[in-house]
Amino acid sequence: MIWFVLRRIGWIVLTLWAVFTISFLLMHLIPGGPFDSEKQVDPQIREIMERRYGLNLPLWKQYRNQLYSVLSGDLGQSWRMEDFTVNEIIAQGFPVSASLGILALAWALALGLTAGIIAALRRARLLDTVVMSIATVGVAVPNFVVAGIMLILFAFVWPIFPVAGWGGLRHSVLPAFCLGLPYAAYIARLVRTGMLDTLGQDYIRTARAKGLSSRAVVIRHALRGSLLPVVSFLGPAIAGILTGSLVVEQVFYIPGLGGHFVQAALTNDRTLAMGLVLLYTALLSVMNLLVDIAYTVLDPRVQLD
Amino acid sequence: MVALIVAATVWAMSFPAEPPADFTFVNNTEVKSLDPAIVTGQPEGRILQGLFEGLINLDAQSLEPIPGIAERWSLSSDRLSYTFHLRPNARWSDGTAITAADVRWSLRRFLDPATAGQYAYQGWYIKNARRYTLMDLKPGDPVEVELNERPSGALPFARGKILFGTYKDVVTLPANRSEDERKSFTVVVEGVERTFVTGQMSGKEACKQVLLDFREVGVRAADDSTLEITLESPTPYFLSLLGFYPLFPVQPKCVETYGYPNWTKPENMVTGGPFKLHSRRIRDRLRLVRSENYWDVANVKCRTIDALAVESAVTGLNLYLTGEADWIATIPSPIIPEILAEKRPDFHPVPELTVYFYRINCTRPPLDNKLVRRALAIAMNKQQIVDTVTRAGEVPARSFVPPGLPGYHSPPGPGFDPDEACRLLAEAGYADGRGMPAIPILYNTDEGHQSIAELIQDQWKRSLGIDVSPQNQPWPSYLASQRTLDYWVSRAGWGGDYLDPNTFLDLFVTDGANNETGWSNAEYDRLIKAAASEFDAAKRMQLFEQAEAILLDEMPIIPIYFRVSKNMVRTYVEGFYNNPLDTHPLKSIEVDQAAKRRMFGTLPAREESEARFSERHGEAGT
């Protein structure tokens with residue numbers, strides 16, 4: 001187990017380095033720099049500015065400098081928001097995205113698990129069809145459509161929530177609802193499939209034969225086995241949800257990392273884009289590692305080596 | 001699991017909602033920086049006009065120069081030297097006096113190449129300022145050598161020690177593995193010839209940079225309250241430039257104590273204008289509070305102002321409609337016709353000093369042929385574009401310089417005439433478009449630009465029989481394509497920085513950084529140059545008019561329409577004026593809170609209140 005974890009951490013470091021290198025090269029294929037605007041500057045001023053950002057150096061030196069600074073934990077100054085370092089931007093944005101993400105995830109899990117279990121137990125009956133139809137719609141309808149409908153209903157027609165902004169629970173309800181909905185729908189489908197699969201297994205029959213109550217069979221045995229696909233879905237989903245939603249954050253004007261992702265790409269903010277890509281890669285790798293470890297807990301048949 | 005969720009909920013609630021500000025506006029995006037010497041954009045300008053103040057202010061309504069930090073000024077008879085008399089009660093937000101030395105220090109910093117200000121050229125009207133920024137030295141010039149070490153007792157981010165001397169020559173040392181390219185200057189200091197090498201390396205004498213002696217630049221502090229500025233040539237719009245944020249003074253002590261960018265942090269920042277920075281959350285909100293040390297604090301009505309960095313125009317509108325924002329600087333294009341039809345009292349688009357145009361690559365045949373360019377221009381139905389695409393009351397452009405500049409009348413450019421366009425194209429040898437290559441129209445990815453390009457594609461196909469393909473590129477690539485002339489026809493926009501035709505017409509001088517069409521005309525260059533040194537205002541305008549006539553005859557560009565401002569401002573906001581530069585000094589803004597309460601029932605938005613629900617209806621219908 002320890003050996004497995006250590007080896008995986010080694011791979012994570014290697015992955016981060018590869019992602020860094022590829023991102024670095026890709027970003028260099030984009031022309032221009034942080035000073036690009038409709039109003040062109042004098043070539044000499046341009047040269048001065050390129051020097052300030054180290055863009056006058058040969059590529060390998062730029063690579064070396066940026067790698068050194070990233071390794072020392074300094075992601076550099078943002079190109080677009082020059083008053084801030086990328087570290088400061090992430091330090092301010094991550095808690096916002098993460099707290100919104102956890103709320104959304106909690107809501108998604110609660111709804112998804114309940115709906116999935118009900119659907120599985122009422123298999124092929126009306127309730128199953130209804131729940132699963134809603135789940136299919138939930139997966140298919142994009143966030144911004146849900147957000148628009150929610151805003152019309154709960155911010156204009158019946159104004160109980162603010163239209164946008166961040167600060168307190170009232171501001172998080174609508175965005176967390178919209179952000180969690182597709183996840184809830186997906187989880188419901190996974191749980192239903194997993195439950196149906198497990199309910200047919202021999203050990204469930206054994207449990208029933210031993211005279212356990214239906215409730216105990218479902219909660220303790222069937223649900224546990226059917227959680228495996230949910231857990232493997234949740235790993236990457238958590239990484240995604242913690243680093244912010246591109247759409248929901250924009251619509252609800254939430255100062256999280258999702259908006260930074262979009263703007264960094266649109267405005268050629270290379271240092272910020274690099275910082276966010278590395279953060280996402282690290283989170284994703286760590287979540288995947290946790291998923292693998294969780295497997296051994298949930299299913300004794302799985303062994304790590 | 002449950003504990004985690006509870007913790008997250010508590011955490012989410014722990015982001016405090018501040019009480020609403022007296023005035024809140026949507027600033028469209030997070031500002032690039034709050035250092036006036038660095039930035040160039042309009043969102044930055046909206047904030048910096050509140051935080052800082054120039055020697056001159058621009059009147060919120062007429063844009064006439066009015067006294068700012070300087071209470072009065074005089075101009076010499078050769079129109080080259082201004083003498084500014086600073087207010088005795090001009091104060092930084094920390095209560096210390098704003099002196100002429102502070103202003104001189106700020107101008108030097110602004111022009112210093114190490115500051116790397118993109119707008120540095122706004123200061124190049126000052127004598128020798130251009131040479132100072134561009135390190136343009138000739139043997140025998142007096143220079144200042146900035147050493148790496150600071151004078152003893154200096155603040156942590158002060159300039160290095162300065163040696164004055166006479167410049168002899170410079171050699172560029174080639175780069176090697178361990179060091180980058182560096183320069184070796186030979187300077188005579190106090191009769192002794194010395195060599196200074198840029199960089200931190202030991203060995204030879206090291207220095208940071210060698211610049212023209214700043215005492216050669218036309219900025220002199222005669223005493224604490226008198227500043228003299230000498231110009232390169234008479235510049236009628238120089239006072240307007242002083243009212244534009246790049247030349248706003250900043251406090252030397254603050255900048256030298258914290259350095260850039262840390263001096264712009266709320267806890268460090270000292271400002272010279274009506275407001276100071278209270279707090280700043282990235283891509284969220286920036287809060288300004290009134291500076292009680294400001295000389296005219298009695299006339300600053302708002303105590304707090306919030307600027308929201310809302311990127312989405314729809315979200316901005318939602319905030320406006322629910323009373324959480326009092327001014328939005330733009331509204332989503334699709335709803336403009338609807339809003340105009342409603343004749344709302346809070347939406348008055350007015351023409352702005354901004355032109356939307358197409359650049360034509362004049363180096364690429366057949367576009368190098370003036371007849372072809374003219375044919376393209378007059379085959380374009382601009383009225384249809386403003387009626388069906390932009391729809392906010394934009395004005396179809398027949399000239400490049402927008403109307404509304406005092407004393408200037410653009411010569412009439414050609415109008416829409418498809419028959420004449422066909423004839424011109426035939427005369428150029430491409431009757432009915434035969435032999436014309438397919439012409440791509442380049443634009444940066446944006447629905448609005450795309451709709452216009454598609455409409456023009458259709459118009460050109462119909463009238464001239466030529467094939468056109470809209471071609472979109474992301475912003476950085478689009479700018480690079482324009483700069484390197486790697487395009488056929490390209491969408492562009494230009495907003496004036498000051499109320500003078502020069503801000504538009506000096507673009508197209510040969511090899512101008514913003515020419516980007518490859519077009520060159522000796523007579524045009526001569527006229528623009530002559531205008532720069534013309535004393536007589538009327539004659540000067542005539543020179544510009546002649547120059548624009550050449551531009552509209554040669555058509556290296558096709559003006560399409562003049563933009564209108566899209567500010568939506570609540571009627572309870574006073575002191576807000578739509579003007580051609582679309583600048584709105586925060587100082588003059590006043591909010592009638594009683595009227596606001598009447599409109600929204602109770603104080604809207606972030607305030608804690610359960611009673612709010614029932615009382616907020618009225619708005620959706622107004």
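Contact here means heavy atoms within 4.5 Å. In this predicted model, 77 residues of chain B are in contact with 63 residues of chain A. Together the two chains bury about 6,200 Å² between them. Carbon and sulfur atoms account for 58% of that area. On the chain B side, Lys32(B), Ile282(B) and Arg283(B) lose the most area to chain A. These three residues together make up 13% of what that side buries.

Polar links also cross the interface. Between chain B and chain A, 15 residue pairs are in polar contact, with both residues at pLDDT 80 or more. Several elements of chain B give two or more residues to the side that touches chain A. The helices in this group are α1 (2-13), α4 (129-134), α7 (313-321), α13 (475-483) and α18 (612-615). The strand β22 (489-495) belongs to the group as well. By residue class, the side of chain B that touches chain A has 37 nonpolar, 18 polar and 22 charged residues.

Charge pairing was examined next. Side chains of opposite charge can pair when their charged atoms come close. Over all chains, the count comes to 42 salt bridges. Three salt bridges are counted between chain B and chain A. A salt bridge also joins the side chains of Glu88(A) and Lys265(B), with 3.1 Å from N to O. Within chain A, Asp202(A) forms a salt bridge with Arg205(A). The closest N and O atoms of Asp202(A) and Arg205(A) are 3.7 Å apart. Both residues belong to helix α8 (residues 202-209) of chain A. Asp202(A) and Arg205(A) are three residues apart in this helix, so about one helical turn separates them.

Across the whole structure, six cavities of 30 Å³ or more are found. The largest cavity holds about 150 Å³ of space. Its lining consists of 14 residues. Glu249(A), Ile254(A), Gly259(A), Arg283(B) and Glu311(B) lie nearest the centre of this cavity.

Two helices of chain A, α10 (246-251) and α11 (257-266), each supply at least two residues of the lining of the largest cavity. Helix α11(A) gives the most, with four residues. The lining of the largest cavity divides into six nonpolar, five polar and three charged residues.

Terms used: Residues are numbered from 1 along each chain as its sequence is written. Chains are lettered from A and ligands numbered from 1 in the order in which they are written. This is a predicted model: local features need pLDDT of at least 70, side-chain atom pairs count only at pLDDT 80 or more; totals for chains, interfaces and linings use all residues. Side-chain values use heavy atoms; hydrogens and water are left out. On a 1 Å grid over the protein atoms alone, a cavity is a set of points where a 1.4 Å probe fits but cannot get out, and a pocket is an open set with protein on both sides within 12 Å along at least five of seven lines; lining residues have an atom within 4 Å of a point. Grid points are joined across faces, edges and corners, and a volume is the space filled by probe spheres set on the points. Ala, Val, Leu, Ile, Met, Phe, Trp, Tyr, Cys and Pro count as nonpolar, Asp, Glu, Lys and Arg as charged, and the others, Gly among them, as polar. Buried area is the accessible area (1.4 Å probe) that two parts lose on being put together, summed over both. A salt bridge is a side-chain nitrogen of Lys or Arg within 4 Å of a carboxyl oxygen of Asp or Glu. A polar contact is a pair of N or O atoms within 3.5 Å; within protein, one must be able to donate a hydrogen and the other to accept it, and residues adjacent in sequence count only if both atoms are side-chain atoms.
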